[in-house]
Amino acid sequence: MTSQTITADDSGTWKLGDLPVHRLGFGAMRLTGSAAFHLGTPSDRARSIAVLRRAVELGVNHIDTAAFYFSALRSANELINTALAPYPDDLVIVTKVGPCRDYSGEWATSARPDQLRGHVEENLRQLGRDHLDVVNLRRMRQDSIAEHFGALAELREAGLIRHLGVSDVEVRHLDEALAIAPVVCVQNRWALDAADPATDELVRVCGERGIAFVPFFAVAGDAGAHGATRNHDDAVLDVARAHDATPAQIRLAWTLHQGPHVLAIPGTGNPDHLAENVAAGAVRLSADELTRLDALHHATG
């Protein structure tokens, strides 16, 4: 399929609270290097900035990032600030807090509730904002998220945060959060070939409650933070050939077909891959193709 004239508008629109976004967004994790965090070699700064500017030109108005997205030489938030500030009025920047990396890049102890304000303020500083559009609390194995989410709800009341989300949670954690403050999005690892019954249920519950579900590693699959998977089932390859598309585009198309509340935030530092990812929002799968891909998804659960 051609990606020359396709923009993120073709993926449709959803609202994160009162903020409309195209369902095909952009994840900033891969801007900083050949793999996430410290796992690869640092990216070319000029190319990463160009990718961000091109994403906005292609209609992307939902960027997912975090202060802990950095490599030895690059910071995703700094790149976003440099490339896009002053920010377009319709651009929604979503960040996350909870995990922490020290200045050497090693993972440190995750934040206590009383430390979350510092995480929020660091994102504000790096992005050059006076408030954050959406902040996701990333659960770090704790059984209850009430105290952490409550701390973010206080920052929302103070005006530092507009909307809240949660990440790496089960339905019970979402219920905990909703008892404290509104939740506009949920981020969990989820992909065509990475089914989990609990997350499948969470996707359904989010749809019933009008909450966006935003999976991460939808393209990466089993490769995770290292980049896009190269393991493709025959069903994916067959559907890709039928649409003259790449397997990655079919993975993204399947994701978007799971409900109008399901968004996608594929990340890349490659301008060609960016255009391909955005074009995936225009792929329309047939009922038979969806049945075959759904069967593959459930077989991996």
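**Figure 1. Residues around the largest cavity of the predicted model.** In this predicted model, the largest cavity is lined by Leu24, Gly25, Phe26, Val60, Pro266, Thr268, Leu274, Asn277 and Val278. Helix α9, which spans residues 271–279, gives the largest share of this lining, namely three residues. The space in the largest cavity amounts to about 30 Å³. When the whole structure is searched, one cavity of 30 Å³ or more is found.

Figure 2. The volume of the second largest pocket is about 400 Å³. Its lining consists of 15 residues, and those nearest the centre of the pocket are Ala67, Phe70, Arg101, Glu122 and Gln126. Strand β5 (92–97) and helix α3 (116–127) each contribute at least two residues to the lining of this pocket. The largest share, five residues, is supplied by α3. In the lining of the second largest pocket, seven residues are nonpolar, three are polar and five are charged.

**Figure 3. The hairpin of strands β1 and β2.** Strand β1 covers residues 13–16 and strand β2 covers residues 19–22; the two pair in the antiparallel sense over four bridges. Within this pairing, Trp14 lies opposite Val21 of β2. Two residues separate β1 from β2 in the hairpin, and Gly17, in the turn, has a positive phi of about 65°.

Figure 4. Seven parallel-paired strands make up an open sheet, arranged in the order β3-β4-β5-β6-β7-β8-β9. At its edges are β3 (26–27) and β9 (212–213), each of which pairs on one side only. Helix α3 packs on the sheet and touches β5, β6 (132–138) and β7 (161–167). The direction of α3 makes about 145° with that of β5. Strand β4, residues 62–64, pairs with β5 in the parallel sense over three bridges. One of the residues in this pairing is His62, whose bridge partner in β5 is Val92. In a regular strand, side chains alternate between the two faces of the sheet.

Figure 5. Asn77 belongs to helix α2, which runs over residues 76–84. Asn77 counts as buried because its relative accessible area is 0%, and the limit for this class is under 20%. Apart from residues up to four places away in sequence, Asn77 touches Thr65, Ala66, Ala67, Asn123, Gln126 and Leu127.

**Figure 6. Ile180 in a loop between a helix and a strand.** Ile180 is located in the loop between α5 (171–178) and β8 (185–187). The relative accessibility of Ile180 is 38%, so this residue counts as partly exposed; that class lies between the limits of 20% and 50%. With neighbours within four places in sequence left aside, Ile180 contacts Ala146, Phe149, Gly150 and Ala153. Gln115 stands 65 residues from Ile180 along the chain, and 19 Å separates the C-alpha atoms of the two.

Notes:
Residues are numbered from 1 along each chain as its sequence is written. This is a predicted model: local features need pLDDT of at least 70, side-chain atom pairs count only at pLDDT 80 or more; totals for chains, interfaces and linings use all residues. Side-chain values use heavy atoms; hydrogens and water are left out. On a 1 Å grid over the protein atoms alone, a cavity is a set of points where a 1.4 Å probe fits but cannot get out, and a pocket is an open set with protein on both sides within 12 Å along at least five of seven lines; lining residues have an atom within 4 Å of a point. Grid points are joined across faces, edges and corners, and a volume is the space filled by probe spheres set on the points. Ala, Val, Leu, Ile, Met, Phe, Trp, Tyr, Cys and Pro count as nonpolar, Asp, Glu, Lys and Arg as charged, and the others, Gly among them, as polar. Two strands pair if DSSP finds at least two bridges between them. Contact means heavy atoms within 4.5 Å. Axes are lines fitted to C-alpha atoms, for helices over the stretch in contact, and angles run from 0 to 180 degrees between N-to-C directions. Buried means under 20% relative accessible area, exposed over 50%, partly exposed in between (1.4 Å probe, protein chains only).
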